[in-house]
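Thanks for coming, everyone. I have one structure to walk you through today. Please take a look at it before I start.

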Amino acid sequence: MAQVTVKGLKALENMQDQAKDIVSNELEDYFTEMSNDAINMASHGVWSGAYVKSFSFKANNSSSRGRRIDGANWRFPKKTGSQADVEEGRSLLLGDVKAAFADKDQTFENQSYTLRNDSNHAVFVEHGTLSHAGPKGPYANGGYRIFARLRSRYG
């Protein structure tokens with residue numbers, strides 16, 4: 001008679017760990033790409049820098065990051081944001097994505113992942129304003145539709 005007996009199923013545990021790593025890495029790559037798209041879309045209309053730095057990514061819909069524009073009523077006579085604001089926002093957001101996937105075991109416990117922007121003028125950036133009642137800046141009348149485009153691409 002010839003046989004092989006596997007005790008403790010160490011081989012199965014190793015395969016499960018490898019599967020967790022693969023799935024977690026694929027999800028992290030997917031959300032990194034989505035996050036870069038969000039920052040790239042937002043970077044075309046940087047006015048104060050607050051919006052592009054207010055993106056956050058969290059597992060299980062937990063708390064988020066919100067930046068406020070300097071000034072009580074969001075109105076600026078001139079642009080104050082810069083490419084440095086874009087890169088700071090990208091760094092913050094990609095740090096959130098990395099943190100969400102730091103614990104590979106937790107990946108399978110999470111029920112949702114949320115990309116959001118909690119700046120105080122996010123609605124104006126997304127939807128625009130036809131009445132020009134919103135903040136000054138490079139807002140298209142119909143808005144930039146960043147989240148609508150992300151939903152379309154990433155579902």
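How do α1 and α4 run relative to each other, roughly parallel or roughly antiparallel? Before I answer, one caution: this is a predicted model.

Now the geometry. Helix α1 covers residues 10–42, and helix α4 covers residues 146–154. Their axes come within 10 Å and cross at roughly 150°. An angle over 145 degrees counts as roughly antiparallel. So α1 and α4 are roughly antiparallel to each other. Their crossing is right-handed.

Who makes that contact? On the α1 side we have Tyr30, Glu33, Met34, Asp37, Ala38, Met41 and Ala42. On the α4 side we have Ile146, Arg149, Leu150, Arg153 and Tyr154. By class, the contact of α1 with α4 holds eight nonpolar residues, four charged ones and no polar ones.

Let me step back to the whole chain. There are 155 residues, and 38% of them count as buried. The secondary structure is four helices and two strands. Starting at the N terminus, the order is α-β-α-β-α-α. Now take the contacts in the chain with a separation of 6 or more. Of these, 73% join residues 24 or more positions apart.

Back to α1. How far does α1 reach from its first C-alpha to its last? The span is 48 Å for 33 residues, close to the 48 Å expected at 1.5 Å a residue. Several of its residues are buried, including Ser24, Phe31, Ser35 and Ile39. The buried residues of α1 pack against β1, α2, β2 and α4. For orientation, β1 is 55–59.

The axes of α1 and α2 come within 10 Å and cross at roughly 160°. These two helices are therefore roughly antiparallel to each other. Here too, the crossing is right-handed.

Which residues of α1 meet α2? They are Glu28, Phe31, Thr32, Ser35, Asn36, Ile39 and Asn40. They face Val86, Gly89, Arg90, Leu93, Leu94, Val97 and Lys98 in α2. The contact of α1 with α2 divides into six nonpolar, five polar and three charged residues.

Let me pick two residues from α2. Take Arg90, which sits in that helix. Is Arg90 buried or exposed? Its relative accessible area is 16%. The cut-off for buried is under 20%, so Arg90 is buried. Beyond its neighbours within four places in sequence, Arg90 touches Asn36, Ile39 and Asn40.

Now Leu94, also in helix α2. Leu94 has 25% relative accessibility and counts as partly exposed. Setting aside neighbours within four places in sequence, Leu94 is in contact with Thr32, Ser35 and Asn36. Leu94 and Glu33 are 61 residues apart in sequence, but 9.5 Å apart in space, C-alpha to C-alpha.

Thr107 is buried, at a relative accessible area of 5%. What does Thr107 contact, leaving aside its neighbours within four places in sequence? The list is Ser24, Leu27, Phe101 and Tyr113. Ser24 is one of the buried residues of α1.

To recap: α1 is roughly antiparallel to α4, and α1 is roughly antiparallel to α2. That's my tour. Over to you.

Notes: Residues are numbered from 1 along each chain as its sequence is written. This is a predicted model: local features need pLDDT of at least 70, side-chain atom pairs count only at pLDDT 80 or more; totals for chains, interfaces and linings use all residues. Side-chain values use heavy atoms; hydrogens and water are left out. Axes are lines fitted to C-alpha atoms, for helices over the stretch in contact, and angles run from 0 to 180 degrees between N-to-C directions. Angles under 35 degrees count as roughly parallel, over 145 as roughly antiparallel, 65 to 115 as roughly perpendicular and the rest as oblique. A crossing is left-handed if the near helix is turned anticlockwise from the far one by less than a right angle, and right-handed if clockwise. Contact means heavy atoms within 4.5 Å. Ala, Val, Leu, Ile, Met, Phe, Trp, Tyr, Cys and Pro count as nonpolar, Asp, Glu, Lys and Arg as charged, and the others, Gly among them, as polar. Buried means under 20% relative accessible area, exposed over 50%, partly exposed in between (1.4 Å probe, protein chains only). The expected span of a helix is 1.5 Å times one less than its number of residues.
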